[in-house]
Structures are given as C-alpha cells and as structure tokens.
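Open the structure in a viewer and show it as a cartoon. The tour below goes from one selection to the next.

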Amino acid sequence: MTARARSGRAFEDVVRARTEADFVEREWLCGGIERALDSDRGQYVLVTGEPGTGKTSLLAGMARAHPERLRYFFRRDSRIALTGGDIQSFLLSIGHQLARVRPELFKLEHLEVVIKQHIESVEAEGHVVGIRIEDLSVSPFHRTATLEIEQRVGTLSGEAHAVEIGSARLEPRLLDPDNLAHLALIGPAQVLAAQDPEARIVILLDALDEIADDDTTAPKQGLLHWLARSPELPANVKVVITSRPHSGLRLFRAAREDRLTDVVIDAGSPQVVNDLHTYANRVLETDAVIAAERSRGNLPGSTKRYAVHRAAGNFLYLATYARALIDAAEKQNDEMVDRLLVFSGVPGNLPGLYGFFVELVREELAPWPRSPGGPSSGWEGVGLPIIGVLTVAREALSEDQLTALSGTPVREEPARKVLESLRWLLERRSDRIAFFHTSVGEFLAGKEAQEKHPECWVDESRWHERIVRHYRGAAPSWAEVDWTQMDRYGLAHLVAHLLKAGPGSFDEALDLVCPGLRKAVRIEFGAEGRFLELVDSIAHHVADTAPVAIGLPAMTYLAVVRHQAAQSSGALTPRAIGLLARMDRLKEALEHAAGIRPSLWQFTAFTEILQYARPKPGDPSPDDLLDLLVESALTIPRRGGFYGNRDAGRAAEAAARLVAPHDLERALRLWRHGRDAATREPLPEEEPDAVYRAAVAAESDMDKARSLLDRISGERWADYLDLAERTAPARASELLRAAESCLETVDPATRVLALARLASAWAAHDPDMSRRFLAEVRAQVFDAGEARELAPRLAEAAGVLADVDRTTARFLLARLDTAVLDGISQRAILDGVSLWARWERHERARTLADRYLAKALGDWEGLDVMKALGRSSRAKELRLVEGIHAALPEPPADLRAYAWRSSDRDDQLIRVVKTMAEYDVGRAEQMARGIARTTWRDDWYGRHSSGESQPAARPEPARSGRDHGGRMRIPRVPDRP
C-alpha cells in the first residue's frame, strides 16, 4: 500500500453527518451489541426500535469507532434513498469495501472447486456430468475459479463429461446472488478463517425494514428475502442490523433463530432516558431558549428536563420539539414559545407531535378567504395539496416543481405561509424541499392521522393520481404527450406514481411504455438504463397483479420492448460524460456512465469521471469512484478470438495503474487479470512496471518510493531521476548515482538524453560532476553516429541543458542541421526551431525552419513554423486556419456510398476544429457542426496506454501526451481536500 491518504470510505458522508456535535455516544447499547457479537448466537444481531430511537446514528457511531467494519446505509438523510435495496447492490458494495480493507483476502490465485465421482458403469443412454455450469461468471473481486474434476468410470457405453459450461460472462449485477455472495464475502471470509481464526468481518446494515419496503426492487430480489434464504455465512462473518418492528422480519428470525440475537431499544429504559438527557443538554441549552425561560420566570434548564420526560425515549420527538422551540425563540414568536415551554396542547408522542404542528397550520388557514372565481385558498385548496404532494414525492422538490404538482403557487400567499408554518417538519437542501424524516409522511398517510386528524390525512392514491394527471395534461393518450417538455422528476418517477394511483393504473402503465418516453429518458439520462428500469417496474407490477389471460400478452410486449432497448446504444460519449464531471455535475455523469452496457466505452467514461470529478458532501467518495472504475473494467465481456478479449485486458491494466496510488496490492491483482484477459493464448512473461511507476509517483515517503522503484524490472534511470527531483538534497546524490548505474544497457541515442538529464540534475548539487557529464554528452553524440532515433533525443537533450550550459545545448542542436528528415526527426527539428528562436538566434532558427518546410505537404506545417518562430500574429495564424478550413472538400452527397471519403474529410475537419478552439471556441463550434461522424471512435488506447517505449526528456505538455520516459501519461486521481 502506498502512503497516499485514503480520501474516504463508503457512506462516509452519512457517518460524518450522523456523528456531528450533537451526537450521543451510547456506550451501554454498543457494549450490548459487542457482547452479542462475541456470543455463539451473535452471527446476526438485530437491533429493533421505533422510528426516532436513534438506530441510524447508532450504526454511524459504530462505523466511526470501527472504520474497518463494512457498512451499508439505505438512506442518507432519513428521507432520500441512498442505495438500492437489491441484493446485488449490497453485495457489490460489501465486496469492494472488503477488498479495500482486507486486500490480502483476495490474493488467492484461484478459488478451487473439487468434485470426485466414482461410477461403476454408464449405460448406452446414460449421461454423466461432473459439473454443469449454465453461466460461468468471473469474479469482480479476484480471479476465476479452478475446477478440479476427478471421474472414475468402470464401463462407459453412454456419455461422460467432466465439465459443461453454458456461457461465461463477467457482469456482477447479473450474477446469481448466492454466487456473488461467495465471491464478495463467503470466499474471502473462509480465507480469513484459515489465516487468522480469531479475526472476523463485521457488517453494519441499516434500515432493513425500509429496504424491505423499497418498491423499486422486486421482493424476491430484495435484501431481506435473501438474508432469510441465503447460503450459510461463515462463522467469522457477523452482521449488525437495525430495523423498526416489521412483519417481514418474522421469516428472517425463524430462518436464523439459532444464530440470531435480538437487541431491543426499550424507550422506557433508564439508559435511553440518560441518553436523551445528554442529547437535550446539547440541543436545548441555547442562548435563545435560556433567555425565553428566564423572561417567563422559569428555572433555566427546566424545559429540557420536561421535554425528555415527554419524549418518552424518542430522539426524533426531542429533535423535532427542539427545532420548533429554538426557531420560535430566535424569531421571537412569543405565542408559540409560550405553548412549547409549558407543552400546552403538545402531545407526548411523535405522531401526536406531528399532528399538533400540522393542525396549527390548518387552523391558521381556516379564515383565509377564497380567491375570487378560484379554488379555496384555505386548507383544502392550499395546505392539503402541499402536504399531499410532499408525502408521496420520491425525492426533494424545488419550489417550481411543488407548485406544478400541487397546483398551488408556493411563492405566493397563503402557500408561502403554509411552508413557513411547516418549517419544523421540513428540510431545505440546495433550494429543494422535503419532509425531514420519512416518519412525517408515514404519519400523514397512516391510520392515526385518518382517525384523529381526518382533515390532515393524506390519501396517497389521490396525490399519486394528481401527479400523474399533471404530467399527462390534456393529451388523449400517453403516446401523444409532449415528452420533450417533461422535467427530470417526471421522467424518473412518473411510472412509480402511476403504479400507486389506484384502480386503472395497469392499463395506463402499459400505454406509458411508448417511443416518446424512451427517447425523452435517453436524452435526459444519457442511456437506456433508466428506461429499462421503468419497464422492469411495470413488468413486476403486471406479474404481481394481473390475471394470466391479461398478464401474458402484457409481459410479452414488455419483453420485446426491453430487448429492443437493451440492444440499442444512444449514450453520451465518454469525453462528454467527463465534461459533466468537470462541470461539477457528478451525479449526472455517473448516471450516464451507469447506463452504458459493460464495455470499453463504459470503462472509459468512468476513467474520465475519475480524472475530473471533485466530489462534494453527499457525492460518491473518490474510493467509491475507484470501485466503480474497477467494476466497469472487470465487467467488459470477452468476445473470443485472438483480439476478442483485448478490450477487457486493456481496461484492467489501465485500471491497475489508476488504483496503484491508493492500493498497490489490488492494482497488481488487476494487472494480472488484465494480462490473463487480453487473449486466449498465454502472453509472454512481463512485469507490472507501469503499476509500480504509478505507485512511485504517488508515494510521499521516499524510502517506500525507492523500495517500489527497485521492483521495476525494465529501464529505471528516468525513474531515479524523477525521484531525485522531489527528494531532499542529502538523498538526491544517492539516487543520481543509481540512475547512472542503469545506463550500461541503454542504447546510444537514449544515452545522450540520459547524460544530459544527469548533467542538469548534478548542477544543483555538485558542479564538477555536472561538468563531467556535459563532457560525456558531447562525446556520446559522436558515439551515437547517425542513429535514426538520435534527432529526437538531441532536441530533448538541448531543451534539458538550455539553462544549464547553453554552449553544449547549441552544440546538440547544430547536429540537427544534417539530420535526415523523416517522420521521426520532423518533430525534433520543429523543437530545434523553437529553441533557436528562444535564444534569439533567428538566422539559425530560419535555416532550420526552411529545412522543415522543404518537406512540407500542406499549410499545417506552415502554421507549425509560425508558432515555433514566435514571430507571427494571432490574426495571421487565424487567417491560415480559416484558409485550411475553406480548402476542405465538400462532403459527398451519399455518405454511405463514399464512406471512406467522408471519413477522411471528417479527420481533416476535426483537426481544424481542434486548432481553431485554441483561438476562438465559438468559431470552432460552428465548424464542428460540419462533422458527419456521430459515433464514438476508440482513441482511448492512444490516450491511456502505458506502452514502455524508451525513456525521453520531459517535453512541454501542450505538445505531447508522453511523460519524460516516453510513456503515455495516465490520468491521475485528482487530489481532494
């Protein structure tokens, strides 16, 4: 592992938000859980409590105290879903976390499956198979299994097969959950048990009840269903689960009875009361509250003691009460402060408290006059629509969305007053509005509100229906809706609202699956993935509710639509997705990337995201982005043939270089996987030098960096010089001598460059040594003779020595006067022109430029020379680019018939556009509209390859994509705060 600090763990934002200044350490409860984990019945520890008893904060505290424990939180803020409730999402998250925390558990070269069969005879019609694998899926965490079959057959008249494999694929989200569990958790746990019998893997799983109720996941694909029916986990795997009391837990308890310990948070226990007192001290001891108590003659602190009593063990009650009291006191709402301080009419339970606040709003609206000729401006016309829509909304809403969906202008009175009065139950984040906890909406739609507060009760189906009608508008059918005008919320959640809108939703749901919706979703989310999810949701609904006679045709139709959508490709290109990340639109970028089918294209998109993303609070952490990158590399399918697996191999090797600065062992496993995946034939032995170089570049500890550098098997002189540049002067001499010792096997042309870099490096430490190497540079030029590769090295070496010894630098450039002009030397000669011009030797620069132009094939070379000489004007260069553009041939009338001609013109035009962008982006955009090609072209390898060419000097970044060693630069994970 390299020394770069980890930038964050999974769900770190949840842990941080839940353990801020008002967090209460519940040592007694954590101690009970730890004792349960140590017991024989403690493989599953189920912590249950009513809403508001602090379950999520409890697990967040445990995650903070034990950062090595794996965690999975369903919601970020008790309101908005953070992760999926399906088993694949859970296992992939846990597997990747475990691979980061305990990488040694995934070091096994193979997972072995051994089957032995002893059969006396196989008759003529008989058929024996040692192991039948319908779908061999490669692990997203380590290498594929070894299948060892031993068959002994006495008499064989029929058929005997050792192994039958239907197909092989590498897509973890399509793996059978039990197989994925073995790869992500069970297998590594078995390795851990063998290595350290006392060690254990602890998983913290929050909100199992909400996961069970997640209507975006089919019940049989849900986590609760799997936990009750999953393969037996190894004894060293422990799971701490939090949940409200839930009917779905009965089956789980029955299935795991002998290994389950229940921990019930008793709201009336002395420990809970003490915790509430601690919490009250932190949230109610404010200047505003104390001043309000004193002004009314109350003993300071009396309010918090009575509030704890009324809370009856519920943190959420106390938090809601504190929000209201502090807000009223700070805004000098004396009437409300009076009521809250003495609990006048304030109920002593959480649902009652919610009802109290909502009834206050209803009373305030009761005398509100009706708008002339319009609907009621009172509770029924304004208040109820607002809380109705907020109750059923599937994410926080902007004020414009709330206005549109509720039919109430929320920026105007009396709607503004409703939101102001409801502020204690609301949370505003980034100008969006939602109830601050799911229990608020559950109360409003529940039985207690219907019986005790009927005017405030929310009939969910009514408001789901209202949202559906808003989006359909006056269109006679869904096919006639103007989908281009639908907002992002509607495209994402309309199906869910429709399926909950009551009777008649079945037929409408099928009509909803139309070309307009598909196109709009693809445009908004960048790929087919979101549309496929919508189709799946409707299919689940049909399967659960429709009779066979109706359901079968519907399922057939949906299957055909899904197949067609899955086969298409309309995703954004990787660079466009990277641009979204660069513009701080990370979540959009991730949605677009996730919607692409597993491929090199998808991997490239995640690479672009990783390069440009600057995660903010609430965004996936850098570690999460790395996991997505690795997963996308490992899920590229193998297509067979000599070149069929090349994409998978290239992606895995590139991922290894990006992971190396963070987790070298994991990177080395990825690199080996990439080599194995590249072709069906074994590749020649090769060391992972590129992986070690990436780790060295990120390592801040010089001793560790030196140790890693020594593991590089190829040429290392440039690596030693790089390390010397960033180490202390006392250590630099040692590294410079190590670089010199590596030059014995270097070719003559490269030796010129290496000696120049050594001369430059020694100049700051030992001038005599620098002069010695300068002499060697001059001698080496003659030894190199007329080597074809000498010209580029001469120019690079001259650039290195330009500020060290100008005489030697000029001597090197003078050799370019006789260099043979070809594709290799042309770039070097242009660099020589730039150096002569920089040194104000304009005659020499012009002479060399004339040699360059003598081989010119067009105007591009003239533009290159103008820039190198540094004596042209911007206007002149612009005219030249415009002239090149004007000289391009017209596009062929039939692009398909003359595809080669169209492609050649596009290549020329793309070059013009890129050049024009240096001068005028707007004009470049106009030119770009003439490009006929609209498909993504794979230039990825040219930008992210690690080809081990001969080391070279560090050129100017604007001119080359290669580093000082001649290798292509790899996008580094940006430093984060």
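Helices (H or I, at least four residues) and strands (E, at least two) are DSSP runs, numbered from the N terminus; two strands count as paired if DSSP finds at least two bridges between them. Within this pair, Leu397 has Ile433 of β12 as its bridge partner.

The model is predicted: local features need pLDDT of at least 70, side-chain atom pairs count only at pLDDT 80 or more, and totals for chains, interfaces and linings use all residues. Residues are numbered from 1 along each chain as its sequence is written, and side-chain values use heavy atoms, with hydrogens and water left out.

Axes are lines fitted to C-alpha atoms, for helices over the stretch in contact, and angles run from 0 to 180 degrees between N-to-C directions.

Move to the other sheet. Five parallel strands form an open sheet in the order β2-β7-β8-β1-β9. Its edges are β2 (70–72) and β9 (260–264), and the twist averages 15 degrees from one strand to the next.

Finally, select helix α2 (residues 27–38), packed on the sheet against β1 (44–48), β7, β8 and β9. Its direction makes about 155 degrees with that of β1.

How values were computed
Contact means heavy atoms within 4.5 Å.
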